[in-house]
Each structure stands twice: as C-alpha cells, then as structure tokens.
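Hi,

Here is the structure I promised to pass on. Have a look at it first, and then read my notes below.

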Amino acid sequence: MTDQLANLGLCEAADAIARHEVSSEQLTQIALDRLQQWGPQLNCVASLQSDAALVAARSADVQRAKGGALGVLHGVPMAHKELFYRRGRKTNDGSIITRDFVPEVTATSLTRLDEAGAIDMGLLHMAEFAMSPTGFNAHYGHVRNPWNTDYCPGGSSSGSGAAVAAMLTCASLGTDTGGSIRHPSAMSGVTGLKPTWSRVSGFGVMPLSRSLDCVGPLARSARDCARLLKVIAGFDPLDSSTSLQAVPDYEAMLDGQVRGMKIAVPGGYYLEHLDAGVAACIAEACRVFEDLGASIISTEPPDMAVINRMMSIVLTVEAASLHKDWIRERPQDYAEQVLARFKPGFDFSGMDYYEAITAKKVLALQWVNMSMADADCALLPTIPVPVPSISETTKGDWSEIAKKISAITHCNRGINYLGLPSLSVPAGFVNALPVAFQLVGREFHEGKLLKMADAFQRVTTWHQKRPPLSA
C-alpha cells in the first residue's frame, strides 16, 4: 500500500486527497520517510523541514474535513531545487559561498504553490550555482542517477530529477537556463517543462542568467506538468519581466486527440552527435504519433552556430556579471570546472552582448520558420547521446570533459536563447538508462506541447517506469 501511494503522480495525489481516499499527513509522511531513506544514497536531498511539513499536512487535512473550496494541489507534498527562496530558510544554491545565506523573501512560485494548498517538504540538491548539465558538484558531492548510481542524473536540477524518478516526491520545481530542467528529466526518466521565457516569475530564485532563466516543473507526466504550470504561471508585479498574457487552463486542453496535428522533425544540426540507440527511440516516438493521427514532416534548422554563439555570450556575460565580485575575491571557492564555464563571460565586449540581445527575436523567428515551418511543434532529441557516467564527465582533461558537456547540451542551449517552450518526454532506454525527446513550440504554446505529450503518454508507458532502488 505504501509503495502504491508513493507511486502517485501529482494529479493523482491531489485528486485522491480531494476524494478523501488518503490524507495529506499520510502522503507527506511517506514522502519524508522515502526522502530520508533514499535521499542519502542518491545524494539528492539538501535539507528537509519535516516537522513544518507534517504540521502543514495536518492543517490541510483539517481544512479538507471542514469542506469548502480547496486549492488544486491541496495537501500534496513536494520538494524543490535548492535555489528557491523561502523567507528564513537557509538556501545555499549548491555552493559553499552561499551556504549560510538566509533569504528575506519567498519565491513567487513557492507562494503560488502555497496558495494552491501544496506542502513544502524542503530543498533538493543541485549543481553548483546551477552551472552544470550533468549534476556536477565538487563541494557537496554529485547527485546519483537512480537507474544506476555510477551515472549522471542530469543537471543542474539534479536532485529534482532524481527525487521525482525515485518516487521520493511526486513533482518538483526546477530552473532551466540552458537545459537544466530538460537534462535531468531526460537522464532520470521524468517529464520536464521549460516554459516560454517570461511565462513564470523568477522572483525569489537565485539567478544564473536573467535573460535565459526559466522556472518550470519536473513531474511524472505531462498532466502533472500542466497542473503545476497553471498554478505558477502568470504576471508577477515583483518580476517586471513576466508576461501579461493570460494563462490558459492547460489541463483542460489534454483530450488525447492529436489527429490532424503536424510535427516537424528537423535534421542537419540535430542529427549531429545522435547515437543510434537514441535515434531508434525517437523514430519509434514518431511512429506512435503517426498512429495517433499526427503527421510528421522533415525540416532543416537555420545556422545553429550563430544561435549557439549568441546563447554563449548572453549566458556567460550575465553569469559573470552576477558572480564578478565572488570570482575576484573567492575564486578558490568555485570548483575548477564551474569556474572554467564562468570565465569566458569576461572576454566578450559590450558590443558583443548588445548584438546578442538584439538579435534574439530575429533569430527566434528564423528558427521557428525553418525548423517548425507550418507544424504545430518540432520534435528533437533532448540529449542526443546516452547518459554518461559521472567518471567520464569529471575526470581527465577539461577540454575532453567540455566536449562531452557540449554534446549533452547540443539540442537544448539554443532553445533558451530563443525563448521558446520545450517539454522533455521519456521515450525509452539505451544501456538501461532513460532516453527522451523534446517537443518545442512557439512562444506561449505550452498547452499544445502538453496536449501532444499527454496523448503520447496515454498509449505508452515510458513515463511510468520506476528505477529498482536497493539498499
């Protein structure tokens, strides 16, 4: 019975609580027990607020018993990436530099989860300052992939991906600057959404690159992501970059129907580095969509070298600007690999940065017109190579490690620069480790991506696979 309850997805848990089939306290206690039992083996837990979570869960049960309107996440326990601030709670962002930082504000996304009735159990481990696609953290140790603990879980939302995959939390919020929701979703075998830039507030979230950072969900299914996005999306007066565009009811759009919809599969750049096993999983996913009545078209992307260069300029300049004082005063407190990724930001000129920022809209339109053409979305690999081991991404010459990292981020980093939404969907296994594809859409078309992924998940079981944890 305990395993069955632990296996509930976000929507399943919320709906079971609403139907009085299970209490919030029961689900919260199960999740806390699992986080305490398996968290150390996976090194995915940063800190738990067990007592506060159980108090909140009991309060949620009392409110439910009284009847009346409840939030759509009433009583559902979750844990989140350790860069979401909650007033008075220590948050270290995966770094020893900020290990004693206690924020004076609460992230808007957490406030909105609170208002929807969710229970906050604590914080999950992450890559140092969110600067790694593999989950690398030299200070607090690497998060472990629950499918094989010798392998990378994906980063930088590494603890989120591992904890959701291992059924330690039914969902988690992460951030994505160059793939940091999609990498762990793909490598750990969960569903992860990077929304359109400006769709979700970044207030109260440790930034890496303000022009690229996106807050989004990692969860068991597209439906879970849809419910979470509805809760956290929308304009925030505390974050002037958030869009005023209305937030639709994403979950209501999930009807399982994709007949007549069109999916573009870009070649060229997106075939580079593509492993044969990953390619076979993607081909099978396309076949499933065709069986559902969608049509597949082939397209060619624009010059991705230009887009990737612009992305690199924006990311490294903005990150270097945020970290310049610490890098000057405390360089020894950064891991060598992380410092090496920050340093290029000091080499670009103001003109380089201005050109990169101003070229964004033109290049985004070009990418959409060429890669998507008249299709509803584009389908790409999330990660074109099999999940790498921790050893091969941490040991040896930095230039060789950098090449491996570049291959991992090959299909993702440009999407952040373009500001487009992208949803990573589990689609199989290679070497007994997860594989995923991503659906990329036009700005604010998250609903269409979720609709297509949900239809795929209704007829496949990849998103339901669970790693066999062992003591």
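Let's start with Asp15, which is partly exposed, with a relative accessible area of 28%. Keep in mind that this is a predicted model.

Which side chain does Asp15 meet in a salt bridge? It is Arg227, at 3.1 Å from N to O. Arg227 sits in helix α8 (residues 222–232) and Asp15 in helix α2 (residues 10–18), so this pair ties together parts that are 212 residues apart in sequence. Arg227 counts as buried because its relative accessibility is 10%, and buried means under 20%.

Arg227 also has a salt bridge with Glu251, this one at 2.9 Å, N to O. That pair links distant parts of the chain: Glu251 is in the loop between α8 and β7 (262–266), 24 residues away from Arg227 in helix α8. Both Glu251 and Arg227 are buried.

For another kind of pair, go to helix α16 (residues 446–459), where Asp454 and Arg458 lie four residues apart, about one turn of the helix. Their side chains meet in a salt bridge at 2.8 Å, N to O. Asp454 counts as buried at 7% relative accessibility, whereas Arg458 is partly exposed at 46%.

Last stop: His183, in helix α7 (residues 182–188). At 2% relative accessibility, His183 counts as buried. Beyond its neighbours within four places in sequence, His183 is in contact with several residues, including Pro133, Gly178, Ile383 and Asn412.

Cheers

Technical notes. Residues are numbered from 1 along each chain as its sequence is written. This is a predicted model: local features need pLDDT of at least 70, side-chain atom pairs count only at pLDDT 80 or more; totals for chains, interfaces and linings use all residues. Side-chain values use heavy atoms; hydrogens and water are left out. Helices (H or I, at least four residues) and strands (E, at least two) are DSSP runs, numbered from the N terminus. Buried means under 20% relative accessible area, exposed over 50%, partly exposed in between (1.4 Å probe, protein chains only). Contact means heavy atoms within 4.5 Å. A salt bridge is a side-chain nitrogen of Lys or Arg within 4 Å of a carboxyl oxygen of Asp or Glu.
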